[in-house]
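Colleague: I would like to go through this model feature by feature. Please give the general idea each time, then the case at hand.

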Amino acid sequence: MAYLNVSDVTLSFGGLKALSHVDMKIEPGLITSIIGPNGAGKTSMLNCISGFYHPTQGDIHYKEKKLTHASPHQVSSMGIARAFQNLELFSGLSVLDNLLLARHQNLKYSFLHAVFFFGKASRVEAENRGYVESVIDFMELEPYRKSLVGNLSYGVQKKVEVARALTLAPDILLLDEPMAGMNQEEKEDIVRFVMDIQKERNITVVLVEHDLGVVMDISDQIYVLDFGEVIGSGTPEEIASNPKVIEAYIGED
Amino acid sequence: MSYFFQIVVSGVVVGSIYALAALGLVLVYKSSRVANFAHGQIIAAGAFITYFLTVTVGIPIFFSFLASMIITFFLAMSVERIFLRRLIGEPIISVIMVTIGLGSIIDGLIYLTPFGSENFSFPEFLPQNSLSLGGVSISWTQLLGVIITFLLIGGFSWFFKKSTVGISMRAVSDDQFGAMSVGISVPRVFGLAWAAAGLSAAAAGCIIGNITGLNFETLHAFGIIVFPVVILGGLDSILGAVVAGIIMGLIQQFAGGYLDGNFGLSGTGNVLPYIILLIILLFKPHGLFGIHEIERV
């Protein structure tokens, strides 16, 4: 069985089928992209994996563990982190607090330790702070450490969104259109980060993205969704020559 | 002049209790966007539990005060768990209707007991004389009430600023999806918000009961007067609840002290909060400290 295994997942809202009989195998250490026209079910797929939606039918397994009905906070503690398409940051907190809060969910010391702040608590706290700083360095967010997230530009907020997910030290990172609404320079920046996340941090990336150029360049594996169904999968080369995919994107002549 | 300062003092006393009573409403609204119309009943229940433990069971009053806060903490948490948890994701208006229903049920239960109709008062445990300073006097009960109120509000503010659970609660009120994605259990935070609201309501109930006596109607009315307070302060701001509580207390006392009896007016202190409520809603709907959300489109 694959690392993250989506088998026969169907998601319906009343009569509307957002996903139907989707199978996906996501392999460790690779960048897997999910592409498709608007409304194809890409974000629904991410929602199912991250526990925001639960499939009507079918199962999702991660490292042999079933997470079909897990809630979002359980999924994130299992090592699957997510960055949202529409920013879901804590805009009233600073960049540092946004990241520390994510890190804090993994605190393993007792309330008494916390109150008196000795031994384990201060050591864990220092480790956490160190980890968060390493993520800030990695995402090049140093100048914004103390800024309120709500006051930052859209491009920087998108980076904070990715950074917050990284702070959870995930095995798998789900990125939902991290480049949407960005200019060319910012896009190139994010592409570089995504590649570094995979190579330097050894994190498996699942990317939902509209920019086909980017997807073809960096993906190891691509799934194409259309009207909730997988219409093609494989390496970028295979996808580029798949007639069904070309039809969905360009239309019949 | 001492008449003026006397009114300031009683305004601050009443106002700080409003602040404490309003705190519970803000906590629940801040995390789950639900206006709790059963808040007055929880305030009353907290006071009656303390009375029961002190007088009927015979526990020293300070311990029964603490016990009552702990009991309402768990009571409010179970109310959330049993009735409101399954409504997560339903329209807010349904949840609000449920709180109104819960309020009526608690009303009914309290009317079944002697507390529903008779007046009680806590046994006296403080010196009966008043502290007097330059013609302005404050009773020991009032002074103790204000001190406990400020300690509690200070404690809550510290909790929300510094503790992990407190910051998680703020994160949930800021962005629920974001909070879930970093591993915060949103239902657990809702439960804690209700629990904290129950605890602060019980404390408010006891302090009011100790100053004015235990009367169901009076205690219950605090659940309504807190609405003008939180609207003035901003529904989701703890600081707003404190400032607006004190402003409202001062307004009421000044109205009672200067307007009533003149110009043929009476009972102005009871009406003014609601007039202010209307004015605030017309001109500054987010209150003094509430967050005005601006959506970028």
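Modeller: Start with the radius of gyration, taken over C-alpha atoms; the globule rule is 2.2 Å times the number of residues to the power 0.38. For 297 residues a compact globule would have a radius near 19 Å, and chain B agrees because its value is 19 Å. The C-alpha trace of chain B spans about 60 × 50 × 35 Å along its principal axes. This is a predicted model, in which local features need pLDDT of at least 70 and side-chain atom pairs count only at pLDDT 80 or more, while totals for chains, interfaces and linings use all residues. Residues are numbered from 1 along each chain as its sequence is written, and chains are lettered from A and ligands numbered from 1 in the order in which they are written.

Colleague: What percentage of the residues in chain B is buried?

Modeller: A residue is buried if 20 or more other C-beta atoms, placed from the backbone, lie within 10 Å of its own. In chain B, 47% of the 297 residues are buried.

Colleague: How many helices and strands are there in chain B?

Modeller: Both are DSSP runs numbered from the N terminus: helices are H or I with at least four residues, strands E with at least two. Chain B has eleven helices and two strands. Its elements run α-α-α-α-β-β-α-α-α-α-α-α-α from the N terminus on.

Colleague: How do I read a helix pair?

Modeller: Two packed helices are described by the angle between their axes and the distance between the axes. Axes are lines fitted to C-alpha atoms, for helices over the stretch in contact, and angles run from 0 to 180 degrees between N-to-C directions. In chain B, α1 (residues 2-32) and α9 (residues 216-233) pack at about 80°, with axes 9 Å apart. That makes α1(B) roughly perpendicular to α9(B), the term for 65 to 115 degrees.

Colleague: Which residues of α1(B) and α9(B) meet?

Modeller: Contact requires C-beta atoms, placed from the backbone, within 7 Å. Among those in α1(B) are B:Tyr18 and B:Leu25, and α9(B) brings residues including B:Phe222 and B:Ile225. The contact has ten nonpolar residues, no polar and no charged. Nonpolar covers Ala, Val, Leu, Ile, Met, Phe, Trp, Tyr, Cys and Pro; charged covers Asp, Glu, Lys and Arg; the others, Gly among them, are polar.

Colleague: How many residues does each chain give to the contact between chains?

Modeller: Chain B gives 14 residues and chain A gives 19. On the side of chain B, the largest share, five residues, comes from α6(B).

Terms used: Two residues are in contact if their C-beta atoms, placed from the backbone, lie within 7 Å. A residue is buried if 20 or more other C-beta atoms lie within 10 Å of its own, exposed if 12 or fewer, and partly exposed in between; C-beta atoms are placed from the backbone. Angles under 35 degrees count as roughly parallel, over 145 as roughly antiparallel, 65 to 115 as roughly perpendicular and the rest as oblique.
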